[in-house]
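Hi,

Here is the structure I promised to pass on. Have a look when you get a moment, and my notes are just below.

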2 protein chains.
Amino acid sequence: MISDAAAQAGIDINVPCGGQGRCGRCAVIVESGTARRRSTIRLSAADLEAGYALACQTVIEDDLEIFVPPQEEITRHLTTEKTAAKISVPFEYDWREHQTIAKYFVEMEPPTLGDNTDDLARLEREIAKQYDLRGLHANLHVLQTLARTVRDAEWRVTAVIDRSEIEHARLVDVLPGDKTDSLYGAAVDIGTTTVTVYLVDLLTGEVVETAADYNGQIRRGEDVISRIIFASKGNGLIELQSLVTGTMNRLVERVSARRKIDPKEIYKMIVVGNSTMIHILLGLTPDPIRLTPYITTVNHPPLVTANEINLGIHPQAPVDCLPGVASFMGSDITAGVLSSGTHHSDKVTLFLDIGTNGEMVMGTSEWLVSCACSAGPAFEGAGVYHGMRATTGAIEEVWINHKTFEPTIRVIGGGKSRGLCGSGLISLMAEMFITGVTDKAGSINLNLPTKRVRQGEHGAEYVIVWAEETDIGKDIVITKPDVDNLLRAKAAIYAGYVMLAQSVGMTINDVEQMLIGGSFGQYLNVEKAIEIGLIPDLPWENFHFLGNTAARGAYMALLRRDAREEIADIAKKMTYLELAADNAFTDQFMAALFLPHTDMALFPSVAKVLEGKEE
Amino acid sequence: MISDAAAQAGIDINVPCGGQGRCGRCAVIVESGTARRRSTIRLSAADLEAGYALACQTVIEDDLEIFVPPQEEITRHLTTEKTAAKISVPFEYDWREHQTIAKYFVEMEPPTLGDNTDDLARLEREIAKQYDLRGLHANLHVLQTLARTVRDAEWRVTAVIDRSEIEHARLVDVLPGDKTDSLYGAAVDIGTTTVTVYLVDLLTGEVVETAADYNGQIRRGEDVISRIIFASKGNGLIELQSLVTGTMNRLVERVSARRKIDPKEIYKMIVVGNSTMIHILLGLTPDPIRLTPYITTVNHPPLVTANEINLGIHPQAPVDCLPGVASFMGSDITAGVLSSGTHHSDKVTLFLDIGTNGEMVMGTSEWLVSCACSAGPAFEGAGVYHGMRATTGAIEEVWINHKTFEPTIRVIGGGKSRGLCGSGLISLMAEMFITGVTDKAGSINLNLPTKRVRQGEHGAEYVIVWAEETDIGKDIVITKPDVDNLLRAKAAIYAGYVMLAQSVGMTINDVEQMLIGGSFGQYLNVEKAIEIGLIPDLPWENFHFLGNTAARGAYMALLRRDAREEIADIAKKMTYLELAADNAFTDQFMAALFLPHTDMALFPSVAKVLEGKEE
């Protein structure tokens, strides 16, 4: 394949679908030589004429000259970057009482001929005496330098001790002198798209720095399925693992540099993510996750040390990947439930994490049910011809004049537009529906008195921006296949709500509040999202946008052992509905494949808007 | 140094003293160029004339042409090679009851959409159901391939589980199909000179193969002190570590090949050795062991897995280095006490392990005291001009005609002689003393009517073999400095006995039996050893030669958890006397610097022999 040859030549071609020939975004131009195109999906006749070929689907049969177009840049400054100061300590915190990692300063009696206790036992003896802590486990890495450290430091040292595992205390390191004035930990959320790191001062419990960046794996697949497929080929798993640890290490270096500490001073890390992300991080074969009956290797991963997975914090730091529930219900959600408080609520609560996947939990303090919808990353711009991530140039909001059908747009960064991001797509869909550009079924009305609706190569389409006003030199359009993709995505999510409610003998009308996590939720326009039927038609005050609930849950577990245990309890308590083979789900999905839904009674506020328009 | 340059050029020059310029055995010939000899110890005027220089002590100041003489070969087939059949299972053994490692065959229910338990939990569930074993810990290495293994094996697998640590069961591996028909472990004794491996069938408890070879570290120092010094320079520690693991891995491959198994089928290893050997194996800085007050990093090393120290058995196999007591009282001795039964004896027992070091334990079932004498490896041929290891060409027995003073010798391999090994030296010393070639103080009588006594370059000497009858073209002699070295070595050991007895308010006459371990003990002639005062003057039937007590103790600990715990108890119970700074020891040492001792009353049988001679 051209993509393999390019990789060997050190040229990076993005394969957002993992090299399946699905997304069309690895297109290159074959300028000379013979290449066999195994698939030309997403390439137009004109594209083919111009020499375009999919790098991931084109076999090299000859010496080729290839032109690689500029690859999509990922430049938007993620908004979580600067929010450290806004994150308050979520509960009472006293490191002496709650923290599992601690530093102990000891002054040891030097050995003599009459007291020849070995170095480790001498250290243990002193720690037992001064801190009443016994039964220390030390591994080779720490012992290998212990003799030198205690002697160079003249028997005045700081022991770093981890008690993540109740059964025993583990010696993480022995530092020269008194180093008890600082203690750092990190909470990490590995999203399919975005990785977020909180640097936490474990003495005060405060988040002192945060950083986020795109997951380095994006170039090898935009959604979890693409990643799993990529992982199953050759050294794919190793490559994906090192891409995500690379991202994590860069973020850790960034927060450490800002705090002016060495990343090796981070002595504990809590990680959350969906089960695929965690499997890849730990190097576990993710294949069975995507194949029926969708089984993980492990939902409660063992505690590892940073060096086992090449993380650049202290090599012996405990890295705790929190427990998830199933292949498509990971620790990002169990942590999200914790931080959202769903499991303590006395109201019937629907918790939704809108990220690259669509996971949701319904419950109260008494019960929790959950499901995942293979919504796909349509709302992150994938599977939509002019879809893109929420970076500079993305249209994030659209208004359509209901008389002229002329759109007004808002573009991230304020410059020329390049495509539509998730919130832009929701806004556009809602406006098209309300103004009659589409009907309930999403069909574009070609009879409207505007040039903006027309028959395109992929069927009916609506032009949002004319070529000359864009940054890409092409009309930015939304096509019937795009609309269908978005409808399927939102229908899957809505059907999920219904299935959860039914499983506990309720209807969606019993939901008393809706908590929305995920960074995407922050940009969500509730009115528009209700209009397309992506979220239930509740009073606006019943929606709460919580931001990155996964990272916040990891942060809580980083601080207190009881919060860590609470997440394990949540994972244990949560019933998971496997929708994949459920006919009732298919029925609900079909019913939701309309704007906003077949059953308008479920969306009274939208009905009212439509009535108002008709008046 | 020439030795460094040679190493860089891939030429191996032995430095038996670790590069301290003490032993003179790294001598090379400088054929041209300028070299500065920092030390010329052990080189004669004639040697210097001939261009000899010590590779470890000679600075290169110019381009040099160096002739490297053939390095000492280590070829003798070690006697432990073929003894597997002779080693009987030491106690009742039933693997179901006693063994900490086990294989469990399970047939798992394949997952379904309705039973989506993760792979690990599914395995645990089945093991709990079939074998009532709960709380399995699995590390990343095992989990990384678990999904593939259980699926490829169609859910019929064998779990290998280690319960070395009482608190939890650890999943070592998951094998496809039913592999419960075999289970192997290894017991290893790392001697300073010799490494011994027993391959054990853990189902029957039998030693099925044994192999031994010289410790690959010998070329970097013959005694522990030389090794520690070598370890302290540059990458010395890493080099010594890989030399010993190299030896262990070769031996493991050898026994595995004979048994027709893969070394990866060895799932458990018990290791014993002196504290220096264990520190180096584990990569722990050994420096403080040789410096007052002689402190180890750890006497009870943590359990490690084979991959942590690059051992070629199953990478996740537990490797348990048994507990020692002090810098010069290692697990070779605690294991030796176990296998000798000293700690269960109702007689006052003196247990001596004659190896490269001289460690001894006195005790009964009620008490144990121990000490180590820096005897040095004189009885292994080091520090003696024509000393050598017990390999082909070594004189192992000498008889001297008390009238003509002509010697009769026995040479290992039966060919021409090259030097004297330990048993040969003891035999020679005893004969020289009894026949009057030396007096009580070890002075050689130059007035005897034989050409064999003469004034040599290093003082008085006795010629054992004339040059033309040797394999080296030089007279094989024993010199006054050699005799002094041997006297110091045996005096240190005898003084040790006395100190142990005194420490418990006894005298050496209270010793009721003497147990002698170490392969050297197997060649020891009791009569001769008593005549030079190396062992106490007890009736011959009170001596028991036990062979490799260290390896046998490791083997016992490999079989049964209670034996492993018994060694920990021995280590805890054993009082260690530090003799280094004890004036009483110095007094006893001085008193023992005679043949057989200043106090002839301690050696009545020798007195009788001398009287008989005088008659």
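In helix H14(B) of this predicted model, the buried residues are B:Thr549, B:Ala550, B:Ala551, B:Gly553, B:Ala554, B:Tyr555, B:Met556, B:Ala557, B:Leu558 and B:Leu559. That makes 10 of the 11 residues in the helix, which spans residues 549–559 of chain B, so H14(B) is largely enclosed by the rest of the structure. Buried here stands for under 20% relative accessible area. At the start of H14(B), B:Asn548 has a side-chain oxygen within 3.2 Å of the backbone nitrogen of B:Ala550.

H10(A), residues 331–340, packs against H15(A), residues 561–573, at an angle of about 115°, and their axes are 9 Å apart. The crossing of these two helices is right-handed. On the H10(A) side, the contact is made by A:Thr334, A:Ala335, A:Val337 and A:Leu338, which meet A:Ala563, A:Glu566, A:Ile567, A:Ile570 and A:Ala571 of H15(A). Sorted by class, this contact has seven nonpolar residues, one polar and one charged.

Then there is the interface. How many residues of chain B are in contact with chain A? There are 44, and they touch 43 residues of chain A. Between them the two chains bury about 3,500 Å², with 62% of that area on carbon and sulfur atoms. If you want residues to look at on the chain B side, B:Leu113, B:Leu140 and B:Thr297 supply 18% of the area that chain B buries against chain A, more than any other three residues.

Best wishes

Notes
Residues are numbered from 1 along each chain as its sequence is written. Chains are lettered from A and ligands numbered from 1 in the order in which they are written. This is a predicted model: local features need pLDDT of at least 70, side-chain atom pairs count only at pLDDT 80 or more; totals for chains, interfaces and linings use all residues. Side-chain values use heavy atoms; hydrogens and water are left out. Buried means under 20% relative accessible area, exposed over 50%, partly exposed in between (1.4 Å probe, protein chains only). Helices (H or I, at least four residues) and strands (E, at least two) are DSSP runs, numbered from the N terminus. A polar contact is a pair of N or O atoms within 3.5 Å; within protein, one must be able to donate a hydrogen and the other to accept it, and residues adjacent in sequence count only if both atoms are side-chain atoms. Axes are lines fitted to C-alpha atoms, for helices over the stretch in contact, and angles run from 0 to 180 degrees between N-to-C directions. A crossing is left-handed if the near helix is turned anticlockwise from the far one by less than a right angle, and right-handed if clockwise. Contact means heavy atoms within 4.5 Å. Ala, Val, Leu, Ile, Met, Phe, Trp, Tyr, Cys and Pro count as nonpolar, Asp, Glu, Lys and Arg as charged, and the others, Gly among them, as polar. Buried area is the accessible area (1.4 Å probe) that two parts lose on being put together, summed over both.
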